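Biologist: I am new to this structure. Could you walk me through it?

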Amino acid sequence: MSQCPLSFRNVSMTFPDGTRALSDVTLDVAKGEFVTIVGPSGCGKSTLLKIASGLLEATSGEISVDRDRIGYVFQDATLLPWRTVRRNVELLAELHGFTKEERTKLAEEAIGLVGLRGFEHHFPRSLSGGMRMRASLARTLTLKPPVFLFDEPFGAVDEITRERLNEETLRLFEQERFAGLFITHSISEAVYLSSTVHVMSTRPGRLVASFEVPFGYPRRPELRFDARFAELCGQVSLALRGAHS
Amino acid sequence: MTLDNPSTFDFDEPSTFDLGEANVVEAGTAPGAKRSAKAGVAGSVLPPLAVGLFIVGVWYFISLVVLDPKRQFLLQPPHEVWNVGFADWKNFSTMLEGMWSSTKVAFWGLLIAILLGFLLAIVMSQAKVVERAIFPYAVVLQAIPILAIVPLIGFWFGYGFSSRVLVCVIIALFPIVVNTLFGLLSADQGMHDLFTLHKAHRITRLRRLMFPAALPAVFAGLRISAGLSVIGAIVGDFFFGQGEVGIGQLLKRYANRLEGEQLFASVILSSALGVSVFLFFGWLSGKLIGKWAGESRGR
Ligand SMILES: Nc1ncnc2c1ncn2[C@@H]1O[C@H](COP(=O)(O)OP(=O)(O)O)[C@@H](O)[C@H]1O
Ligand SMILES: [Mg+2]
């Protein structure tokens with residue numbers, strides 16, 4: 001089949017209670033590709049990522065994912081409240097057995113990348129939602145993950161912070177060129193970030209439409225005001241409305 | 001890696017407890033924080049002080065006005081309690097010795113309850129089936145009326161030090177088990193997922209995630225259990241009525257002899273012990289986890 005770091009073939013998921021969350025999902029994410037899934041809430045998007053990461057097992061279908069040092073950013077920042085930002089960012093490197101020097105170096109690098117310099121010694125409770133999300137991103141970045149899963153990471157922050165975080169996510173992607181699978185509610189976020197946008201139907205989730213995004217990387221914020229950008233957003237929106245009914 | 005010293009539950013590297021870091025964080029907010037701290041002291045000291053004065057006033061009123069002089073022994077006025085109970089060294093030193101004896105009992109009882117309670121809670125946190133197996137017995141232990149079991153303990157194990165400690169353990173164990181277990185299980189599911197994704201060892205999960213997450217609840221349990229342990233020491237001594245004289249036997253003796261001043265003084269002393277262990281654990285909790293846990297009410 002494919003050498004993609006993430007590949008789903010006819011994956012379906014039915015929970016033990018009978019809830020059918022996914023139906024026949026086929027999906028590939030190549031290295032250097034940023035794939036986004038938009039879909040109504042409750043359609044099975046988080047379930048898809050949990051299956052990809054191995055937290056859940058699918059009922060049927062074939063899955064191959066490079067899970068070594070997998071990156072997974074949850075909707076909540078899930079920081080340890082008793083650790084400072086820096087110690088939180090070091091956590092995964094710690095779990096993977098890096099030495100103290102390596103951890104410190106990786107953490108400092110990642111903190112710089114997400115723009116959290118100067119906040120290393122703050123505890124999570126003294127950070128804003130956006131800053132917590134940055135810390136969470138930094139924590140994942142320390143592992144330089146080949147596969148990077150994002151589960152609506154910016155859903156809880158305000159619009160301005162969200163656009164800033166989008167910029168930063170793009171920079172990270174342009175620099176690291178991981179295989180990215182991103183879940184969102186926001187169509188413009190999806191189009192702005194991705195090379196491919198998939199639209200998922202209501203439960204059980206199926207991929208009902210796919211859009212290649214014709215813009216290359218690196219991307220600039222001005223892209224948001226491009227007419228073609230708006231048109232693509234409109235098409236995705238239309239497909240999404242179809243998926244809702 | 002993280003298993004370098006799995007024998008300890010040292011859940012984090014010292015830097016997390018390094019007070020230097022806290023100072024860095026607080027530096028930015030210092031002036032405002034100081035002002036509110038000052039207001040906090042006035043606000044937290046004055047109201048209870050006012051109530052205290054009021055109680056002393058009521059006490060005087062009952063003792064000198066309400067009670068017939070012949071029945072004043074029922075409630076001696078505060079200064080008499082002071083003169084006879086505290087200022088008379090012979091009486092006071094007897095009470096201090098009793099207090100010391102009871103404090104030792106309470107201390108060992110609490111210590112054993114803590115160790116045993118942690119152990120039970122940790123074991124229960126590792127598997128639901130273990131929790132289901134043990135928890136009912138913890139509840140039973142809690143439900144046994146301590147007054148019923150004290151004579152039995154004396155009957156079985158004698159009236160010595162270890163029997164008294166046992167009473168304290170029985171009375172102090174439950175809140176520690178329940179709070180620690182609750183705390184251990186309180187860690188966020190997302191965090192657990194993260195540890196699962198990165199294949200963290202069971203011990204690593206316990207040390208790095210569950211144990212620190214449990215600390216706020218653990219301290220809440222400790223504050224309750226410390227007070228209970230003091231009560232256990234007094235109750236045990238009171239009902240054993242023999243062996244080394246603790247504050248419980250003194251209370252009984254003073255009551256029997258109608259020595260109201262000493263009785264009151266020892267009640268005050270033993271409450272002071274209970275209050276100080278409560279305050280101590282509050283202080284300790286603020287010191288260790290105040291920086292990251294929610295507002296600890298420093299009482
Ligand atoms: N463990 C579970 N057991 C049963 N149903 C579940 C479970 N987890 C999620 N679901 C259901 O599966 C559906 C998809 O959930 P989810 O993947 O979280 O949706 P979303 O697209 O909003 O992320 C929802 O209807 C949800 O209620
Ligand atoms: Mg979801």
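Modeller: In strand E7 of chain A, A:Gly180 is the bridge partner of A:Phe148. This is a predicted model: local features need pLDDT of at least 70, side-chain atom pairs count only at pLDDT 80 or more, and totals for chains, interfaces and linings use all residues. Residues are numbered from 1 along each chain as its sequence is written, chains are lettered from A and ligands numbered from 1 in the order in which they are written, and side-chain values use heavy atoms, without hydrogens and water.

Biologist: How many residues of E6(A) are buried?

Modeller: Buried means under 20% relative accessible area, exposed over 50%, partly exposed in between (1.4 Å probe, protein chains only). A:Val147, A:Leu149 and A:Asp151 point one way, A:Phe148 and A:Phe150 the other, and all are buried. E6(A) spans residues 147–151, and the buried count is 5 of 5.

Biologist: Which strands stand at the edges of the sheet, and why is one side of each left without a neighbour?

Modeller: The sheet is open, has 6 strands and mixed pairing, and runs E5-E6-E7-E3-E8-E9 in chain A. Each edge strand has a single partner strand, so one side lacks a neighbour in the sheet. At one end, 3 bridges join E5(A) to E6(A) in parallel; at the other, 5 bridges join E8(A) to E9(A), antiparallel. The edge strands are E5 and E9 of chain A.

Biologist: Why is helix H1 of chain A largely enclosed?

Modeller: H1(A) covers residues 45–53. Its buried residues include A:Leu48, A:Leu49 and A:Ile51. H1(A) is largely enclosed by the rest of the structure because the buried count is 7 of 9.

Biologist: Is B:Val66 buried or exposed?

Modeller: B:Val66 lies in helix H3 of chain B, residues 30–66. Its relative accessible area is 52%. That makes B:Val66 exposed.

Definitions and conventions. Helix = DSSP H or I, 4+ residues; strand = E, 2+ residues; numbered from the N terminus. Pairing = 2+ DSSP bridges.
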